[in-house]
Amino acid sequence: MGAMQEDRSAGNSNDDTRVTQGRYDRQAGLFDFMEAPVEFVAFKSLRKKLWSEVSGGRLLEIGVGTGKNLGYHPEGSRSVAIDLSPRMLERAVRRAERSGSQVDLILADAQHLPFRDDVFDAAAATFVFCSVPDPVLGLGEVSRVVRDDGRIHLLEHVRSGNSIIGRIMDLLNSLAVRLSGANINRDTVSNVARVMKVDSVASRGFGIIKVIRASAKRASTREPIAGSEPGR
Ligand SMILES: C[S@@+](CC[C@H](N)C(=O)[O-])C[C@H]1O[C@@H](n2cnc3c(N)ncnc32)[C@H](O)[C@@H]1O
């Protein structure tokens with residue numbers, strides 16, 4: 001319960017991944033405090049709704065952060081949760097110990113998951129693929145480790161569909177990445193569609209928040225997955 005294990009592939013990847021890891025390590029101590037207002041106003045209810053649809057069995061959470069979702073993992077599921085940042089993960093470990101969550105917490109990179117193919121029944125992530133340096137590579141890894149037709153549940157913020165707001169998000173993106181580690185102008189729905197079958201997408205928050213439900217492995221994605229373009 002809550003024990004932190006280390007996967008050695010984390011930290012051996014490229015510079016962008018190390019920079020992302022450092023950004024989250026540095027903000028780990030203040031992360032929950034800084035997110036508290038938006039958590040209270042919107043994120044908490046969105047998390048609850050997303051997790052109410054996640055089925056039990058062997059479950060993978062990607063980018064567990066400080067462990068805000070741990071209390072929502074379905075009862076009886078055999079959960080594994082990973083994160084790239086040791087400092088964020090330490091907080092998740094403490095949270096799991098306090099609440100008695102039955103979860104294995106592992107330091108790992110979503111872009112190189114340390115699991116065999118098809119070992120999970122389902123996967124979920126909240127506000128993660130805005131930060132993963134190569135989101136398509138990471139999503140491809142999730143698709144690989146979830147069994148065929150296993151469900152993948154994502155809650156993500158994305159670039160606005162409004163052209164003016166979208167352009168402003170483009171202009172502010174590099175500042176947002178430096179300050180928080182998160183890209184604010186990604187087209188995560190398209191990124192998901194490159195490697196999985198998108199079953200449904202619901203929009204919230206003026207279209208900036210997306211609840212994406214997908215199924216692992218389209219028939220054509222058994223071949224190696226190419227990375228996404230930089231900045232996407
Ligand atoms: C915005 S936080 C969200 C944390 C948590 N899911 C939540 O909803 O509060 C993004 C998280 O993704 C993690 N992350 C970023 N890139 C990652 C990668 N390549 N592999 C695993 N985790 C990653 C970060 O370390 C951070 O904990």
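Q: What makes the largest nonpolar core a core, and which of its 49 residues touch the most other members?
A: A nonpolar core is a set of buried Ala, Val, Leu, Ile, Met, Phe, Trp, Tyr and Cys residues joined through C-beta atoms within 7 Å. Buried means that 20 or more other C-beta atoms lie within 10 Å of the residue's own, exposed means 12 or fewer, and partly exposed is in between, with C-beta atoms placed from the backbone. In the largest core, I62, I82, A92, L105, A123, V146 and I152 touch the most other members. This is a predicted model: local features need pLDDT of at least 70, side-chain atom pairs count only at pLDDT 80 or more, and totals for chains, interfaces and linings use all residues. Residues are numbered from 1 along each chain as its sequence is written.

Q: What does V146 touch?
A: Contact requires C-beta atoms, placed from the backbone, within 7 Å. V146 touches F120, A122, A123, I152 and A216, leaving aside residues up to four places away in sequence.

Q: Why is helix α3 called largely enclosed?
A: Helices (H or I, at least four residues) and strands (E, at least two) are DSSP runs, numbered from the N terminus. Helix α3 covers residues 135-145, and eleven of its eleven residues are buried, so the rest of the structure largely encloses it. The charged residues E141 and R144 are among the buried ones. The buried residues pack against β2 (58-62), β5 (120-126), β6 (146-157) and α5 (188-195).

Q: Is D149 buried or exposed?
A: D149 has 10 other C-beta atoms within 10 Å, so it is exposed. D149 lies in strand β6. Its phi is also positive, near 70°.

Q: How do you know that β6 and β8 pair, and how do they run?
A: Two strands pair if DSSP finds at least two bridges between them. Seven bridges join β6 to β8 (residues 209-215), and the strands run antiparallel.

Q: In what sense do β7 and β8 pair?
A: Strand β7 (residues 197-204) pairs with β8 in the antiparallel sense over seven bridges. A202 stands opposite V211 in β8. The hairpin of β7 and β8 has four residues between the strands, and there G205 takes a positive phi near 55°.

Q: How do the axes of α1 and α2 cross?
A: They come within 7 Å and cross at roughly 35°. The contact joins Y24, D25, A28 and F31 of α1 to P86, R87, M88 and R91 of α2. By class it has five nonpolar, no polar and three charged residues. Axes are lines fitted to C-alpha atoms, for helices over the stretch in contact, with angles from 0 to 180 degrees between N-to-C directions.

Q: Which residues come nearest to the ligand?
A: A residue is near a molecule if its C-beta atom, placed from the backbone, lies within 6 Å of it. Of the 22 residues around the ligand, Y24, G63, G65, S85 and A110 come nearest. Helix α1 gives the largest share of the shell, three residues.

Terms used
Two residues are in contact if their C-beta atoms, placed from the backbone, lie within 7 Å.
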